[in-house]
Amino acid sequence: MRSSHPKKTRVRAPAAARAPLGTQTVRPENDQERAFLVGIEVRTRGRSGAKVTAQAQAAREAAQLQQPAASGKSAAQSAPSHSSGKSNGHKPAIPEFDADESLAELRTLAGSAGANVVGEILQRRDRPDPATLIGAGKLEEIAGAAASVDADLLLFDHDLTASQQRNIEKIVKRRVIDRTQLILDIFARHARTREGQLQVELAQLQYMLPRLAGRGVEMSQLGGGIGTRGPGETQLETDRRKIYRRVRHVEQQLENVRRIRAQQRQRRESAPVATVALVGYTNAGKSTLFNALTQAAVLSSPRMFATLDPTIRAVVLPSKRKVLMSDTVGFIRNLPHTLVSAFRATLEEVQRASLIVHVSDASSRLSAEQDAQVEIVLKELEAEKKPRLRVMNKVDLLDEEVAENLINDSLREDAQFQGTGSDGIKTVYVSAVEGTGLDRLLARIDAMIEEDRVSRVHLRVPQKEGKVLAMLEAKARIYSRAYKDGAVELELEAPESVVRRVREFIVQQSQMQ
């Protein structure tokens with residue numbers, strides 16, 4: 001139902017800029033652009049009927065304990081739900097990203113883009129204004145607030161149409177950037193490989209094309225002299241033609257990239273090596289977890305989208321099988337469709353993966369909402385039906401007792417399924433920074449990988465077969481070893497690719513569940 005109470009606005013400076021009020025107009029030494037954030041909340045937005053997971057609820061409780069000032073406000077807001085009944089373990093409904101949380105995410109995005117946030121304003125409206133999104137009167141107020149802190153540009157936590165962006169710039173007399181353009185700029189900053197740069201350029205061109213606009217008579221190319229008068233070809237048409245030409249060229253380059261990746265993937269798939277793709281919301285700790293599992297040196301940073309270019313490394317599982325693990329770009333709320341389309345070549349690694357490892361931030365009170373956004377992108381990639389393993393990362397940031405209870409509950413549930421031959425619980429709690437739970441994570445991946453299944457075999461190998469014994473030592477899990485009559489009797493578990501190479505020495509074989 002639409003709310004009938006009047007519109008409310010709130011203007012404030014961010015926490016980092018609140019203290020030095022007298023120095024707001026002083027340019028920073030590193031010449032960062034000064035950004036003023038504008039958020040909007042439309043009250044007609046509905047609420048989700050999904051349920052909060054146990055780890056999300058634990059993270060929210062931990063966040064409330066760590067932030068007593070904020071917890072008073074959140075407790076007051078949630079009081080009606082507690083008064084409606086006793087705490088009987090039922091799951092409360094998940095709200096969508098509210099305006100404050102969305103604005104906080106925009107603040108983080110601005111920092112990742114290298115901007116210095118000098119102020120922000122938040123407005124709640126019943127409906128967006130079609131011409132200026134937030135209304136001409138409010139824009140006059142914003143123009144004054146931005147001028148008082150000497151802001152270089154305005155960052156809107158909303159997508160703007162071309163006409164809205166032009167109308168806002170006319171009033172505020174400053175550059176205006178919407179959320180999509182900000183994300184594209186971050187991607188452009190972090191793209192390192194030729195493939196990543198091409199994909200970002202394509203997304204930027206697709207974003208720019210509908211936003212080209214004429215500036216009047218000066219946009220028309222007219223010849224000089226008698227007989228050359230006429231409208232001519234406008235600069236707008238020329239720009240569009242150039243962009244279309246460049247888009248076709250970039251798409252051809254990306255098609256070559258896609259073909260090369262397909263050839264590389266075909267060579268990998270010719271061998272019995274499975275691929276595991278790490279996916280998740282940006283800043284969930286995917287790259288840190290990837291480094292911990294593969295000993296790679298991928299950049300891990302608290303900044304959003306620090307890792308953009310895909311990386312693939314080999315990982316040895318407890319069964320001695322090898323899998324290829326890929327670290328993909330992080331997802332985000334309302335990920336621009338142009339980015340999903342442009343990064344199709346990179347995200348194909350997710351589509352073709354044998355197992356998707358969904359990494360979530362256990363310490364974030366918004367983990368349930370973030371997971372819902374990841375599901376949306378996976379559906380767009382048609383990868384939602386892939387085998388999935390949920391990994392709750394950053395348990396070291398939770399309260400110690402809460403984290404221990406969650407881990408113990410998961411272990412007990414997992415043990416209940418072990419005897420039934422089921423895959424067990426598909427949620428693992430880890431801390432990539434401290435290394436907690438990584439062994440169990442590898443064991444769960446090992447149990448869920450179908451390629452090159454593991455068999456338990458009894459072998460009798462002559463001692464003179466040194467190469468065979470060395471190969472088994474390196475690629476099999478040996479449980480017992482006995483020397484009899486010039487031969488070595490081994491009880492071991494090995495992948496099918498290894499068993500085929502020692503079939504002549506098999507005494508007994510049984511397939512693992």
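Colleague: Why is Glu382 called exposed?

Modeller: The relative accessibility of Glu382 in this predicted model is 69%. The cut-off for exposed is over 50%, so Glu382 counts as exposed. Glu382 sits in the loop between α13 (367–380) and β12 (388–393).

Colleague: What is the phi of Glu382, positive or negative?

Modeller: Positive, near 60°, and Glu382 is a residue other than glycine. Most residues other than glycine have a negative phi.

Colleague: Why does Lys320 count as partly exposed?

Modeller: Its relative accessibility is 29%. Buried needs under 20% and exposed needs over 50%, with partly exposed in between, so Lys320 counts as partly exposed. Lys320 belongs to the loop between β9 (311–316) and β10 (322–327), and the phi of Lys320 is positive too, near 75°.

Colleague: How many of the residues of the protein count as buried?

Modeller: Of 513 residues, 46%. The secondary structure amounts to 17 helices and 17 strands. Taking contacts between residues at least 6 apart in sequence, 72% join residues at least 24 apart.

Colleague: Why are α10 and α15 called roughly perpendicular?

Modeller: Helix α10 (residues 286–294) packs with helix α15 (residues 438–448) at an angle of about 85°. The range for roughly perpendicular is 65 to 115 degrees, and α10 and α15 are therefore given that label. Their axes are 11 Å apart.

Colleague: Which residues meet where α10 packs with α15?

Modeller: From α10 come Leu289, Ala292 and Leu293, and from α15 come Leu438, Leu441 and Leu442. By class, this contact of α10 with α15 has 6 nonpolar, no polar and no charged residues.

Colleague: What are the angle and the distance between the axes for α4 and α7?

Modeller: Helix α4 (residues 99–112) and helix α7 (residues 179–190) pack at about 35°, and their axes are 9 Å apart. The crossing of α4 and α7 is left-handed. On the α4 side the contact involves Glu105, Leu106, Leu109, Ala110 and Ser112, and on the α7 side Arg179, Leu182, Ile183, Ile186, Arg189 and His190. The residues of this contact divide into 6 nonpolar, 2 polar and 3 charged.

Colleague: Which residues of α4 are buried?

Modeller: Among them are Glu105, Leu106, Leu109, Ala110 and Ser112, and these are also the α4 residues in the contact with α7. Just after α4, Gly114 has a positive phi of about 90°.

Colleague: How do you know that the span of α5 agrees with 1.5 Å a residue?

Modeller: Helix α5 (residues 136–148) has 13 residues and should therefore span 18 Å; the end C-alpha atoms of α5 are 19 Å apart, which agrees. Helix α4, with 14 residues, reaches 20 Å from its first C-alpha to its last, close to the 20 Å expected.

Colleague: Which residues of α5 are buried, and what follows the helix?

Modeller: Lys138, Leu139, Ile142, Ala143, Ala145 and Ala146 are buried. α5 is followed by Asp150, with a positive phi near 55°.

Terms used
Residues numbered from 1 in each chain as written. Predicted model: local features only at pLDDT ≥ 70, side-chain atom pairs only at ≥ 80, totals over all residues. Heavy atoms only, no water. Axes fitted to C-alpha atoms, helices over the stretch in contact; angles between N-to-C directions. Helix = DSSP H or I, 4+ residues; strand = E, 2+ residues; numbered from the N terminus. Parallel < 35°, antiparallel > 145°, perpendicular 65-115°, else oblique. Contact = heavy atoms within 4.5 Å. Nonpolar A, V, L, I, M, F, W, Y, C, P; charged D, E, K, R; others polar. Left-handed = near helix turned anticlockwise from the far one by under 90°. Expected span 1.5 Å × (residues − 1). Buried < 20%, exposed > 50% of the residue type's maximum accessible area, 1.4 Å probe, protein only.
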